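Visitor: Could you walk me through this one, hairpin, sheet and holes included? I'd like the cut-offs as we go.

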Amino acid sequence: MPAAAGSETGAAEIKPRIGVLAVQGGFQRHVEHLELAGADPFEVRLPVDLEGLDGLILPGGESTTIVMGIENAGLAPAILAHHEAGRPILGTCAGMIVAGREHLGLIDITTKRNAFGRQLASFEDDIEVDGVLEGTIRAVFIRAPWVESTGEGVKVLSEVRDHPVAVRQGTVTALSFHPELTPDNRIHKWFTGACTA
Amino acid sequence: MAEEATFRVKTGLAEMLKGGVIMDVVDAEQAKIAEDAGACAVMALERVPADIRRDGGVARMSNPRMIKEIQDAVSIPVMAKVRIGHFVEAQVLQSLSIDFIDESEVLTPADETNHVDKFEFDAPFVCGATNLGEALRRIGEGAAMIRSKGEAGTGNVVEAVRHMREIVGGIKRLGTLSSTELPTAAKELQAPLELVREVATSGWLPVPVFCAGGIATPADAALMMQLGAEGNFVGSGIFKSDDPERRAKAIVEATTHFNDADRIAAASEQLGEAMPGIEMAALGEDGRLASRGW
């Protein structure tokens with residue numbers, strides 16, 4: 001039906017196109033969550049994939065592998081350009097490490113890898129994330145990092161065992177945990193909203 | 001309330017390994033080469049499958065000291081193998097704070113009837129499977145990750161292809177059945193009905209599915225990804241080749257860019273010789289490791 005099709009492509013219906021870095025790691029679950037949150041997700045493997053994105057998620061995985069994959073595909077300049085254009089970025093777990101000062105430098109933090117210990121020390125817990133959601137969220141920490149130091153202008157949104165596990169600076173948010181591993185869609189809804197604004 | 005070792009925490013690590021390559025290594029030096037080449041985890045074992053085949057005899061869990069040396073050498077997750085049904089080897093690995101336990105047909109089975117009760121452990125387990133029923137039986141015992149068995153140590157990908165097609169095809173077939181037909185399907189698969197229902201609804205296993213057993217080239221790795229594997233284990237294929245470092249990097253590249261033939265082609269240049277392969281017919285029935293496990 002032409003009329004219905006027309007209304008579906010109306011301005012109010014345009015979904016933000018959010019890239020998920022798909023070099024290695026837990027990118028598929030982010031894609032599923034973004035779809036549920038009303039975004040138009042896209043897997044990013046090459047610099048060209050970053051064109052026309054409204055937002056970018058750096059997912060969890062092995063940070064050494066992801067850093068190497070970014071280098072091999074020449075992705076860093078395109079990610080920096082995305083950031084400099086003021087488009088939002090969300091890093092989770094390894095994505096937090098990759099976003100930090102030691103790697104892409106998108107957010108002024110240093111991180112400690114596997115800060116809680118090996119897999120046997122991985123855990124889930126209810127935490128609050130200031131300014132992102134009401135109440136608590138079940139946060140899954142897998143061989144997770146924490147934030148070791150923060151520069152000026154970095155806001156700590158959550159702490160676990162006296163270490164920051166959620167931080168924000170400008171348009172960049174970094175989480176130690178995995179919002180994509182639980183059915184709770186609030187963080188992806190929040191980020192989709194941030195990419196729409 | 002904080003909880004450790006929930007099923008979500010166990011499968012969570014498997015989720016983070018997706019899109020990556022887990023490499024067999026026999027010492028700290030190889031582990032470092034694997035990490036530097038972009039491996040997302042290493043499997044610590046005393047002999048790669050090709051050598052286990054050559055040497056014969058009983059293959060067992062690795063020496064804890066070797067595992068500790070590898071844990072000290074790398075920051076990526078370290079996995080290790082136990083014999084099928086050998087729950088004390090699993091207890092030992094857990095006491096070493098191993099990140100993942102592979103209950104593996106590559107080692108000589110310790111129990112010809114029962115697998116390890118993997119729910120008893122805090123460490124996550126990965127198990128091999130040749131078809132959907134076997135995969136679901138392992139998940140029913142608590143496995144947090146499934147891999148194809150393939151035929152380890154052969155450098156021949158044909159069995160891994162067969163197993164991946166069996167698993168993925170089995171999932172698709174379940175999706176075509178009505179709820180009335182699922183109990184019979186579960187009986188035929190010899191798998192728990194609850195898991196059969198879950199797979200029929202979701203269209204995938206409740207845990208990640210990787211490929212293992214016979215990958216020797218970047219194109220092999222990409223083939224398995226295109227067939228539905230969510231990541232790759234590479235055993236003998238790397239350290240039995242001419243130039244392990246380059247081959248490891250190339251297989252990592254092909255696993256990430258599995259749909260990009262130009263990049264797979266570029267990664268496949270100047271690798272030196274792959275490991276020598278073995279034709280399946282030359283193994284005979286007794287030489288097949290994939291028939292271990294039940």
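Visitor: Which residue takes a positive phi in the hairpin of strand 9 of chain A and strand 10 of chain A?

Guide: Strand 9 (residues 155-160) and strand 10 (residues 163-169) of chain A run antiparallel, with five bridges joining them. Strands are DSSP E runs of at least two residues, helices are H or I runs of at least four, both numbered from the N terminus, and two strands pair if DSSP finds at least two bridges between them. That hairpin has two residues between its strands, and the residue with a positive phi near 50° is R161(A).

Visitor: Before we go on, what pLDDT do local features need?

Guide: Residues are numbered from 1 along each chain as its sequence is written, chains are lettered from A and ligands numbered from 1 in the order in which they are written, and side-chain values use heavy atoms, leaving out hydrogens and water. This is a predicted model, where totals for chains, interfaces and linings use all residues, side-chain atom pairs count only at pLDDT 80 or more, and local features need pLDDT of at least 70.

Visitor: Now chain B: which strands stand at the edges of the open sheet?

Guide: Eight strands of chain B make up the open sheet, in the order 8-7-6-5-4-3-2-9 and with parallel pairing. Two of them have a single partner strand each, so one side of each is left without a neighbour in the sheet: strand 8 (209-210) and strand 9 (232-234) of chain B.

Visitor: What angle does the direction of helix 5 of chain B make with strand 4 of chain B?

Guide: Angles run from 0 to 180 degrees between N-to-C directions, with axes fitted as lines to C-alpha atoms, for helices over the stretch in contact; contact means heavy atoms within 4.5 Å. Helix 5 (residues 87-95) of chain B packs on the sheet and touches strand 4, strand 5 and strand 6 (125-129) of chain B. Its direction and that of strand 4 of chain B make about 160°.

Visitor: Helix 7 and helix 9 of chain B: how many residues of their contact are nonpolar, polar and charged?

Guide: Helix 7 (residues 158-175) of chain B packs against helix 9 of chain B at about 85°, axes 8 Å apart, which makes the two roughly perpendicular (65 to 115 degrees; under 35 is roughly parallel, over 145 roughly antiparallel, the rest oblique). The contact is I171(B), L174(B) and G175(B) from helix 7 of chain B with V196(B), V199(B) and A200(B) from helix 9 of chain B. Nonpolar means Ala, Val, Leu, Ile, Met, Phe, Trp, Tyr, Cys or Pro, charged means Asp, Glu, Lys or Arg, and the others, Gly among them, are polar. The contact divides into five nonpolar, one polar and no charged.

Visitor: On to open space: which helix gives the largest share of the lining of the largest pocket?

Guide: On a 1 Å grid over the protein atoms alone, a pocket is an open set of points with protein on both sides within 12 Å along at least five of seven lines, a cavity is a set where a 1.4 Å probe fits but cannot get out, and lining residues have an atom within 4 Å of a point. Points are joined across faces, edges and corners, and the volume is the space filled by probe spheres set on them; for the largest pocket that is about 850 Å³. Its lining has 33 residues, with Q28(A), R29(A), E32(A), E15(B) and K18(B) nearest the centre. The largest share, six residues, comes from helix 2 of chain A.

Visitor: And which helix leads in the second largest pocket's lining?

Guide: That pocket has a volume of about 280 Å³. Of its 17 lining residues, the closest to the centre include N72(A) and K249(B). Five residues, the largest share, come from helix 12 of chain B.

Visitor: Lastly, what is the volume of the largest cavity?

Guide: The whole structure holds four cavities of 30 Å³ or more. The largest cavity has a volume of about 180 Å³.
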